[in-house]
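Reader: I would like to learn how to read charged pairs, helix packing and surface patches in a model. Could you take me through them one at a time?
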Amino acid sequence: MEDTYNNRTSLVKGAKDMVKEAKRHTAKKVNKVVDRAADEYSSHRNYARFQDEEDEDEDFYRNQKGHEGESYRDNEEGSSDATEGHDDEDEIYEGEYQGIPSAADKKHKEGQVALGQPTSDAARDRSELEQERDADEEELAQQYELIMQECGHGSFQWQLFFVLGLALMSDGVEVFVVGFVLPSAETDMCVPNSSSGWLGSIVYLGMMVGAFFWGGMSDKLGRRQCLLICMSTNGFFAFLSSFVQGYGLFLLCRVVAGFGIGGAVPIVFSFFAEVLSREKRGEHLSWLCMFWMIGEIYASAMAWAIIPHYGWSFSMGSAYQFHSWRVFVVVCALPCVCAVVALTFMPESPRYYLEVGKHDEGWMILKQIHDTNMRARGQPEKVFTVNRIKIPRQLDELVEMESETGNPVSRFFFRIKAEIHGIYLNLMKCFKYPMQENMMRLAIVWFTLSFGYYGLSVWFPDVIKHLQADEYASKVQIHINERIEGFTFNFTLENQIHRNGTFIHDQFVNMKLKSVTFIDSTFRYCTFDDVTSVGSLFKNCTFIDTFFFNTDIDESKLVEGTEVINSTFTHNKTGCQMTFVDDYSAYWVYFINFLGTLAVLPGNIVSALLMDKIGRLSMLGGSMILSGISCFFLWFGTSESMMIFMLCLYNGLSISAWNSLDVVTTESFPTVRRGTGFGFCNALCKLAAVLGNLIFGSLVGITKAVPILMASSVLVGGGLVGLRLPDTRSNVLM
């Protein structure tokens, strides 16, 4: 009886050994099938055809597992259901389908390498590992293109299109808010001429730093997370800037707001391109560019409708003034707030997740894209067939760690320093072979297009204002040697010069002095009651026994030797008084900018429809060259109507170059450096804007030849360089 029992036990053990061996062979066979599938991905073949083979292998594996369970039930009836057929030594590792080795497989003796196991990364050359990663990225790019074709273009892409469009619209608004608010803010806050113009330049510098920083951070932390942070920063400080009273605080708020919004452009285009297939990428990225133009139109329309209306304001005593331009700043922050709210409902870029090795997260988002589009098409039963996506080799970076004993502030600044250094190293890779030449050409095109565009954008309105000022000055009324006694002025005096006048027992009550200059005049026993003076001065005048009550006449308007003898100033108006009702050019200038932005619309539509038909480079180079040629016609701009026509023509031609450049830049960088490379180019754009504002602004009213020749040569030269960029229309997104 005992021999029978021993024989039975031996048979059971033998059966278990056979099952183990069968399972090992099955696992090897599954791995071979997976490897063949990966090879087929890189050869542009349909990955779905391998599903049947894997299913057959899995069925075989399940049958073997079932036989093992039956032997247990026959011979070990006391075992529980939870452990039947379970062997810890032969359990397949959960991540094995991704090609990730099990921890048990790595347990080798020091100095030995198991047969058939790859060499440890620590023992391999860094360049070899990078070459292996590059090969993996190329294979992922080919496979990802097939996956996006399976997901299709539909409801998900359109949702993301409008959400990212709001973020891009906020960038367009921020650029033009600076120009529209600058004159109003400097007047309202009593900014001296020596500090005038700092607002425009320093905000662009903030946007320049933000573009480089947030673009680089999006390659490390993700597109969605960085976009949320930078848009929230912009919205908060833009809203706060409308309430601060001091010019220094206002400047600081606008700089931080510019730093936040600077990251919008590189992140938005990188994000959207990574959910588009190759045949849809050029057209829909061009449609996305339209939101920047919509932001420009929105800012121009709101400035035209709000800023010139002095009634859109309130005050709390004489210390706190909330004028119409502050209302305009609040209204312009609304698109940013809407973008932040909408972005919280959108997922991260799946391509970013795959690049950083987060396979499951990326797969889930791709499945969400597929299911969303299929439901919108009325095909909810269609199944997402992808079950394995190639993950590039993850290379560990050696990072110096700060001691945990340091205080939180030092650790925070150390982390910022480390991140900036990482962004710098990532940027340096863009200037190495094989991207070096293309990076230099992209930088030249970005700089030249931005310099010409922003420079002329400042020069056009200022030239029109200069023409208006000359026309206004030509209509000035001059009064000489007049003598007025016992008269009451209770109406507006505008655009007048009074020289050698004498005013005795006159009353200036509840009135406005608009662009009025008194020269060598005398005021005796006069009364100034509730008087507002805009652009008015008293030069070398004499006030004798004169009473001032509730006026804005102070030392800044009593200039060039003006004497005040035995006169009284009571309840003077504090602060710099401003009213756009008295600004003869406000309505006209804002209306001109509004017309210029509307002229962009047809150019934007044409560029989107033709982007994939005539090519990115032809549109980029042709648009820049035509824009440069159109500048020569400015020689004939001797009137306001001619200058407005040239402004509209230039804006309509140049928008195609901007759209093409955005698409080419997005497609020129691999995913791991797309945000960094685009951010650097966009930072160059803002630097060129600062230089263009300074150079072109200083030439207004002096000469027309230098701005015209400079803009034309820069745009034509940049267009010729743009034609030498590589054509990315047929490339998959690396």
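Author: Let us begin with Lys-367, which in this predicted model is partly exposed, with a relative accessible area of 30%.

Reader: Which residue forms a salt bridge with Lys-367?

Author: The general idea is that side chains of opposite charge can pair when their charged atoms come close. Here the partner of Lys-367 is Asp-371, and the closest N and O atoms of the two are 2.7 Å apart. Asp-371 counts as buried, because its relative accessibility is 19% and the cut-off for buried is under 20%. Both residues belong to helix H13, which covers residues 359-376, and because they are 4 residues apart there, about one helical turn separates them.

Reader: How many salt bridges does the model hold by this rule?

Author: The count comes to 12. Another of them links Asp-219 with Arg-223, where the closest N and O atoms are 2.6 Å apart. Asp-219 is buried at 11% relative accessibility, and Arg-223 is buried as well, with a relative accessible area of 0%.

Reader: Which parts of the chain does the pair of Arg-616 and Glu-667 tie together?

Author: Arg-616 and Glu-667 form a salt bridge whose closest N and O atoms are 2.8 Å apart. Arg-616 lies in helix H18 (residues 616-630) and Glu-667 in helix H19 (residues 640-668), so this pair ties together parts that are 51 residues apart in sequence. Are these two partners buried or exposed? Arg-616 is buried, and Glu-667 is buried too. Salt bridges can also share partners, and in this way Asp-219, Arg-223, Glu-274 and Arg-674 are joined into one network.

Reader: How should I read the packing of H17 against H18?

Author: In general, two packed helices are described by the angle between their axes and the distance between the axes. For helix H17 (residues 600-614) and H18, the axes come within 7 Å and cross at roughly 120°, and the two helices are therefore oblique to each other. On the H17 side the contact is made by Ser-607, Leu-610, Met-611, Asp-612 and Ile-614, while H18 contributes Arg-616, Ser-618 and Met-619. The Arg-616 in that list is the residue that forms the salt bridge with Glu-667.

Reader: What does Asn-604 touch, leaving aside its neighbours within four places in sequence?

Author: Asn-604 has its place in helix H17 and counts as buried, at 0% relative accessibility. With those neighbours left aside, Asn-604 is in contact with Ser-286, Cys-289, Met-290, Met-293, Ile-655 and Asn-659.

Reader: And where is Leu-647 found, and how far is Leu-647 from Gly-596 in space?

Author: Leu-647 is found in helix H19, and at 7% relative accessibility Leu-647 counts as buried. Separation along the chain and separation in space are to be read side by side: Leu-647 and Gly-596 are 51 residues apart in sequence, yet their C-alpha atoms are 6.1 Å apart. Apart from residues up to four places away in sequence, Leu-647 touches Phe-460, Ile-592 and Gly-596.

Reader: Which residues form the nonpolar patch on the surface?

Author: The patch consists of Leu-626, Ile-629, Phe-632, Phe-633, Trp-635, Phe-636 and Leu-709, which together have about 720 Å² of accessible area. Trp-635, one of these residues, lies in the loop between H18 and H19 and counts as partly exposed, at 42% relative accessibility.

Notes
Residues numbered from 1 in each chain as written. Predicted model: local features only at pLDDT ≥ 70, side-chain atom pairs only at ≥ 80, totals over all residues. Heavy atoms only, no water. Salt bridge = Lys/Arg side-chain N within 4 Å of Asp/Glu carboxyl O. Buried < 20%, exposed > 50% of the residue type's maximum accessible area, 1.4 Å probe, protein only. Contact = heavy atoms within 4.5 Å. Patch = residues over 30% accessible without salt bridge, like charges linked within 9 Å, V, L, I, M, F, W, Y side chains within 5 Å. Areas by Shrake-Rupley, 256 points an atom, 1.4 Å probe, with all protein chains shown as cover. Axes fitted to C-alpha atoms, helices over the stretch in contact; angles between N-to-C directions. Parallel < 35°, antiparallel > 145°, perpendicular 65-115°, else oblique.
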